[in-house]
Amino acid sequence: MSDQPRRPRTSGKPYRRPKKDPVRILAFEALRAVDERDAYANLVLPPLLRKAREKEGPEKFDARDAALATELVYGTLRRQGTYDAVLSACVDRPLGEVDPPVLDVLSLGAHQLLGTRIPTHAAVSATVELARVVLGDGRAKFVNAVLRKVAQHDLDGWLERVAPPYDDDPEDHLAIVHSHPRWVVSALWDSLGGGRAGIEDLLRADNERPEVTLVARPGRATAEELLEEDAAVPGHWSPYAVRLTEGGEPGAVAAVRDGRAGVQDEGSQLVALALAGAPLDGPDRRWLDGCAGPGGKAALLGALAAQRGALLVASEKQTHRAGLVARALEGNPGPYQVIAADGTRPAWRPGSFDRVLVDVPCTGLGALRRRPEARWRRRPEDLEGFAPLQRGLLRTALESVRVGGVVGYATCSPHLAETRAVVADVLKQYPDTDLLDARPLLPGVPDLGEGPDVQLWPHLHGTDAMYLALIRRTG
């Protein structure tokens, strides 16, 4: 008879070791990093997937495994507000009293049940097995009980139960149905100018996975070269843009590995192109990117400046981000300089530049497709924190450009407090300026509004919600 102790039995059945599911374990690890460390999924997930692809044996990921893990992570984060409302109806305590790791497992299960085509029994059993591995048998029973309640209705059925009718509370209805905080729904609605169809189209677009968009840096790569890649199609608006469909991997593109091309949303490309194309009075020799990190716009501006023999100065306050800018500009065909400097305390003389771009720090509400977790982290009071910096950077930009030169004020947020309000407030202090009509500088792009500034939208243009105002210094 063996002297080894027997495993405890809790139900008269022999103990069964939980089955490890590498895909769901990886998805859980990514969600924990987002929750515990305030990490961004688009930064956490790629190295986890890369490590999984490099493994040997049954835990090695193939393309289908990577696609499922990506869908589980991003889908869970995008629909977190909806799933929280559903789970609240299925849990006998406030969700705030549920341990965060347990809530992450429940959210993963809810997404599989309500947001994917995974069969109900498979979604429940796989999630319960995950809970056994990462939480233990006791809490796995709780997960099983909750998910069986979730499985009683499909997504539409749950929305009828947990979302108030639109006519009773439009903002709360949209917030739950489309999984955005109520204050974000309100802010986006104000920016759009009203109407139910537009806001619903925008919120839906925020919940869609964006295609990977590449930029061919002029003088170093061409769009034609990038179009030779598998599943590559032209961009919608930028002549340098190429979209990778079917989840293309940018790291597999030689031009991206060499730095001759980069990953850059088409909205960001359009901002750089518009500034570069704005009409000037006088010389066109010195350009400034005053908020250059992490370097995407700087690399495109540097390439465009090189075509005219102009120098680009790329300034970034944070030293490590200045290093990223330097890496992005390495190999630029024309002259450039990267400096670590505070954009509100310029390291250059007033009136030193012909063109200046300030893509200011903001709430990032225009990039919720790419960073879905940002919608749950931001608070209305964050606007007050960004406001002085945004105004300070625009003032510095106006003082840094010469008379006859042009400043581009850009931000990846459509919130009126970060766009038109900033421009209007600052220009009151600088009467010798003119707002240029930016719309003709985005040829072929429809639905640009009444101008003179431009607001891009995911649901109208397939880009991040970039804002741009072009300002000429007249005196």
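Just after helix 9, Ser179 takes a positive phi of about 60° in this predicted model. Helix 9 itself spans residues 170-178, and its buried residues are His173, Leu174, Ala175, Ile176, Val177 and His178. The elements covering these buried residues include helix 4 (80-90), helix 8 (155-162), helix 10 (182-192), helix 11 (196-206) and helix 17 (374-377).

**Backbone features**

- Asp38 has a phi near 55°, a positive value in a residue other than glycine.
- The position of Asp38 is in the loop between helix 1 and helix 2 (41-54). With a relative accessible area of 51%, Asp38 is exposed, because the threshold for that class is over 50%.
- Ala231 likewise is a residue other than glycine with a positive phi, here near 60°.
- The loop between helix 12 (223-226) and strand 2 contains Ala231, and this residue is partly exposed at a relative accessible area of 30%.
- Gly293 and Pro294 are joined by a cis peptide bond with omega near 0°. Pro294 belongs to the loop between strand 5 and helix 15.
- The peptide bond between Gly451 and Pro452 is also cis, with omega about -5°. Pro452 is located in the loop between strand 10 (433-436) and strand 11 (454-455).

- Four strands form an open sheet in the order 2-3-1-4, and their pairing is antiparallel.
- Strand 2 (232-234) and strand 4 (261-263) each have a single partner strand and stand at the edges, so one side of each lacks a neighbour in the sheet.
- On average, neighbouring strands of this sheet are turned by 30° against each other, direction ignored.
- Strand 1 (residues 212-216) and strand 4 run antiparallel and are joined by three bridges. Within this pair, Leu214 stands opposite Val263 of strand 4.
- Helix 14 (residues 266-277) packs on the sheet, where it touches strand 1 and strand 3 (241-244). The direction of helix 14 makes about 30° with that of strand 1.

- Strand 6 (residues 311-316) is mostly covered, with six of its six residues buried.
- In a regular strand, side chains alternate between the two faces of the sheet.
- In strand 6, Leu311, Val313 and Ser315 point one way, while Leu312, Ala314 and Glu316 point the other way; all are buried.
- Strand 5 (residues 286-289) runs parallel to strand 6, to which four bridges join it. Trp287 stands opposite Leu312 in strand 6.
- From strand 5 the chain passes through helix 15 (residues 296-307) to strand 6, in a right-handed β-α-β crossover.
- Five bridges pair strand 6 with strand 7 (residues 336-340) in the parallel sense. Ser315 stands opposite Ile339 in strand 7.
- The passage from strand 6 to strand 7 goes through helix 16 (residues 319-329), and this β-α-β crossover is right-handed.

**The annotated Cys412**

- An unreviewed UniProt entry carries the annotation "active site" at Cys412.
- Cys412 occupies the loop between strand 9 (401-411) and helix 19 (420-427).
- The relative accessibility of Cys412 is 15%, so this residue counts as buried under the 20% limit.
- Neighbours within four places in sequence aside, Cys412 is in contact with Asp359, Cys362, Gly364, Leu365, Gly366, Ala367, Asp464, Ala465 and Met466.

- A search of the whole structure finds zero disulfides.
- Cys291 is in no disulfide, and the nearest cysteine sulfur, belonging to Cys362, is 11 Å away.
- Cys291 is buried, with a relative accessible area of 13%.
- Cys90 counts as buried at 4% relative accessibility.

**Arg32 in helix 1**

- Arg32 is part of helix 1 (residues 22-37) and is buried, with a relative accessible area of 9%.
- Not counting residues up to four places away in sequence, Arg32 touches Arg37, Pro100, Pro101 and Asp104.
- Arg32 and Pro119 are 87 residues apart along the chain, and their C-alpha atoms are separated by 25 Å.

Key:
Residues numbered from 1 in each chain as written. Predicted model: local features only at pLDDT ≥ 70, side-chain atom pairs only at ≥ 80, totals over all residues. Heavy atoms only, no water. Pairing = 2+ DSSP bridges. Helix = DSSP H or I, 4+ residues; strand = E, 2+ residues; numbered from the N terminus. Axes fitted to C-alpha atoms, helices over the stretch in contact; angles between N-to-C directions. Contact = heavy atoms within 4.5 Å. UniProt positions renumbered as here; feature names shortened; annotations may be inferred. Buried < 20%, exposed > 50% of the residue type's maximum accessible area, 1.4 Å probe, protein only. Right-handed = clockwise from strand over helix to strand, strands pointing away. Disulfide = S-S within 2.5 Å.
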